[in-house]
Amino acid sequence: MQADEMESSMESPNLEFEYGDMDTLPAELSELYSYTEEPEFVLNKDYFEEDFKSQVRGRSWVELSVEERRAYVMRLLDALEVTDRDKRLKVARAILYLAQGVYDECDSDVDVLYWARHNVFLLYHMGVFTALLELLNMEIDNSQACSSAVRKPAISLADSTELRVLLSIMYLMVENIRVQTEDDRPEWTAARETFRIELATPMCNGEPFALLLFTMVTKFCSMNAPHFPMKKVLLLLWKTVLFTLGGFEELQAMKVRGRERLQLAPLPEDSIRVVRAMRAASPPASAMELIEQQQQKRGRRSRRPLVKQDSLDTYNERDPFKNEEARDEDEDPEDSDSGIEGEVDPLDRDVIIQPPPPPPPLRPPTERLNFPKGLPWAPKVREKDIEHFLETSRNKFIGFTLGNDIDTLVGLPRPIHESVKTLKQHKYVSIAEVQIKREQELQKCPMTLGEEEVEETPAEVLYLGMLPNLSQYVIALLKLLLAAAPTSKAKTDSINILADVLPEEMPITVLQSMKLGIDVNRHKEIIVKAISALLILLLKHFKLNHIYQFEIVSQHLVFANCIPLILKFFNQNIMSYISAKNSICVLDFPHCVVHELPELTAESLEAGDNNQFCWRNLFSCINLLRILNKLTKWKHSRTMMLVVFKSAPILKRALKVKQAMMQLYVLKLLKIQTKYLGRQWRKSNMKTMSAIYQKVRHRLNDDWAYGNDIDARPWYFQVEECDMRENIEKFNSRRYDHSRGGPAGGEFTPVDNCLQSVLGQRVELPEDFQYSYELWLEREVFSQPIQWEGLLERP
């Protein structure tokens with residue numbers, strides 16, 4: 001009976017989740033709006049109809065010809081130029097109604113999405129986005145609104161009305177144009193590519209559009225503009241980066257092209273397909289662990305016969321990592337030193353020798369899990385691993401080494417020859433290794449190799465724009481992630497991310513309070529989703545563009561405490577977070593504007609939707625795990641941070657989520673720190689070790705399970721980060737400091753030794769200096785005693 005209760009409480013279903021760049025288009029559009037903004041849909045319709053009926057009589061928008069629609073949009077654009085703020089807002093709401101799909105003239109959700117798509121392409125062709133960009137710049141620079149918001153004790157939706165309308169139109173345009181469909185017209189395909197290039201190139205104050213949104217984020221986090229609607233800004237920023245740089249499918253294709261260009265071997269497999277083909281599974285629990293768990297629950301030692309392993313395999317297929325989970329919550333394996341886990345009382349040995357007949361299986365044999373015959377990933381070997389292997393072998397058999405030579409095998413026995421042959425067959429050279437080697441050559445011979453030709457890719461343009469304020473952007477994003485994390489506690493000095501969800505009048509009834517509570521939780525989840533997706537996109541694109549661009553973003557994230565922040569995020573009931581139902585289906589766009597809304601009750605709000613899991617929350621969790629993997633891969637100092645912050649039990653709890661991709665990234669994080677967790681931990685967690693072997697790629701010669709790796713010396717950790725920082729600074733100085741030097745960088749700029757030439761150069765002085773020039777002369781020249789004799793003395 002106890003076993004049945006334990007099984008039912010720990011049972012969790014397999015999640016049919018397919019990871020991608022984004023959710024479905026209707027879901028992505030509905031997340032743009034808070035439930036508090038629902039009354040504004042009617043407002044948008046009213047302003048549009050008021051203006052439309054004054055211009056076109058007796059007909060609806062869908063009945064107009066293309067030329068008539070163009071003429072009407074042109075009149076709206078002219079009306080946006082007026083100086084009256086209220087009139088501009090009314091026109092902007094009318095444009096927003098068009099971008100939302102003229103829902104009052106539609107009968108279904110599909111019709112709304114159809115007309116929204118057609119109208120958005122029309123708005124883009126008429127130049128609406130450029131006009132909106134000018135208005136957005138005006139609102140950002142509106143110092144009166146900023147100072148008013150700073151002084152207010154409580155900020156609500158009303159303080160960001162203009163910004164919300166403009167950002168909503170821009171988001172709808174970016175999202176609808178970005179998404180490709182089968183029935184796209186040729187002119188739409190051409191418009192999509194043109195729009196993508198416009199967004200990626202400097203278009204606003206000499207900066208890409210994404211940089212303007214980054215500036216809004218930092219301005220909000222510095223408390224200078226607390227009324228900015230951060231959820232909309234972050235969603236638009238994420239979709240802009242996704243559109244201009246490309247999604248995960250494009251990344252894979254770019255990686256393949258990059259390897260071809262560098263004449264590297266093709267990728268051994270398509271990682272996206274391999275991960276999608278994986279199934280969530282776990283190794284079976286051992287009999288010893290089952291007995292130990294039951295003994296811990298009873299609190300005493302008991303004589304209990306062992307059952308056959310086959311039956312236990314069947315029993316434990318239902319719940320991976322179940323018994324380990326219980327042990328993690330009860331004790332820390334590192335602190336226990338009680339000998340072999342699950343050791344059986346010697347008095348029970350006769351029972352072990354003669355076990356009773358096994359009970360009938362809990363499932364029919366046909367339902368047993370079929371593990372794949374081969375491993376999912378091809379093993380890889382770095383050149384560094386081959387060098388290390390040969391160095392050890394030469395020291396052992398010959399007594400001396402040959403440096404980085406991996407070809408000379410003279411004097412080594414035949415088995416070593418076979419080992420080296422196998423290692424070379426699986427040798428993998430990454431694009432990053434080639435880039436690092438090329439950078440070392442450029443640093444060593446700057447005059448001989450000349451200036452590097454840098455391709456102006458969208459990632460390169462974005463990095464160049466972000467570089468001066470990169471640390472501010474990273475810190476601002478992590479501040480918002482911390483404020484939106486479900487494990488964060490409200491503090492007086494934390495930033496207020498609810499400015500664009502709280503209504504002017506706070507709820508009075510219990511129903512209104514429940515609705516606002518759901519809205520606030522949903523709002524936070526969407527912010528986490530946008531930030532996590534944005535960060536993993538930036539990391540992956542910068543890594544492909546140049547490894548040192550990725551490393552500087554990674555270092556800023558690490559120095560801003562990103563690792564403990566993500567671990568804090570996962571230190572919760574992750575199953576509850578993934579299955580959270582913080583949504584009200586009948587209030588989601590476009591359903592709420594097409595159908596009549598039923599009367600909401602407390603019961604209907606509590607019931608939520610019927611989905612097995614929340615797509616955005618599972619998407620966010622996988623993104624955060626991928627970020628953690630990116631930050632810690634091959635970085636022993638950061639891996640030690642995972643160990644110091646006791647991440648192992650936190651990550652193991654995440655393994656309860658039966659989704660293959662999430663399990664894969666959790667197992668990767670556990671694998672890299674296994675060598676530091678001690679023998680006792682490995683012995684107590686053999687199921688996890690087996691899962692790592694089954695799911696994670698093997699690195700030949702990687703001593704991950706034992707801890708004998710030469711790279712695991714703790715005194716190297718600080719040096720590792722300092723060397724990386726030095727390499728990054730050299731890279732940025734050589735590649736981007738052209739303003740302070742010649743083509744080869746400021747360090748090699750020819751020096752002008754001619755006195756007449758130097759004194760003849762015009763120097764631009766600021767206006768305030770010219771006004772106070774005489775004061776400066778008096779203070780800095782005339783009043784300072786100058787010892788001219790000192791110039792004649794030898795040093």
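**Close-up views of a predicted model**

**Figure 1. The loop position of Pro590 and its cis peptide bond.** Pro590 is located in the loop between α28 (574-578) and α29 (591-594). In this predicted model, the peptide bond leading from Phe589 to Pro590 is cis, and its omega is near 5°. For context, most peptide bonds are trans. Phe589 also belongs to the residues touched by Tyr33, which is the subject of the next view.

Figure 2. Tyr33 sits in the loop between α2 (25-30) and α3 (39-55). Its relative accessible area is 5%, so Tyr33 is buried, the cut-off for that class being under 20%. With residues up to four places away in sequence not counted, Tyr33 touches Phe41, Gln100, Ser168, Leu172, Lys231, Lys232, Arg522 and Phe589. The side chains of Tyr33 and Gln100 are joined by a polar contact of 3.2 Å. Between Tyr33 and Val501 the C-alpha to C-alpha separation is 9.0 Å, although the two are 468 residues apart in sequence.

**Figure 3. The packing of helix α11 against helix α24.** Helix α11 (residues 209-221) packs with helix α24 (residues 470-484) at an angle of about 60°, and their axes lie 9 Å apart. That angle makes α11 oblique to α24. The crossing of the two helices, α11 and α24, is left-handed. On the α11 side, the contact is made by Leu211, Phe214, Thr215, Val217, Thr218, Phe220 and Cys221. Helix α24 contributes Gln472, Tyr473, Ala476, Leu477, Lys479 and Leu480. Sorted by class, the residues in the contact of α11 with α24 are nine nonpolar, three polar and one charged.

Figure 4. Most residues other than glycine have a negative phi. Gln263, a residue other than glycine, has a positive phi, near 60°. The loop that holds Gln263 runs between α13 (248-261) and α14 (271-277). Gln263 counts as exposed because its relative accessibility is 75%, with the cut-off for exposed being over 50%. Asn561 likewise has a positive phi, with a value near 65°. This residue, Asn561, lies in the loop between α26 (547-559) and α27 (562-570). The relative accessible area of Asn561 is 46%, so Asn561 is partly exposed.

**Figure 5. The chain that contains these sites.** The chain has 40 helices and zero strands. Of its 795 residues, 50% count as buried. Among contacts between residues at least 6 apart in sequence, 80% join residues at least 24 apart.

Key:
Residues numbered from 1 in each chain as written. Predicted model: local features only at pLDDT ≥ 70, side-chain atom pairs only at ≥ 80, totals over all residues. Heavy atoms only, no water. Axes fitted to C-alpha atoms, helices over the stretch in contact; angles between N-to-C directions. Helix = DSSP H or I, 4+ residues; strand = E, 2+ residues; numbered from the N terminus. Parallel < 35°, antiparallel > 145°, perpendicular 65-115°, else oblique. Left-handed = near helix turned anticlockwise from the far one by under 90°. Contact = heavy atoms within 4.5 Å. Nonpolar A, V, L, I, M, F, W, Y, C, P; charged D, E, K, R; others polar. Buried < 20%, exposed > 50% of the residue type's maximum accessible area, 1.4 Å probe, protein only. Polar contact = N/O pair within 3.5 Å; in protein donor to acceptor, adjacent residues only side chain to side chain.
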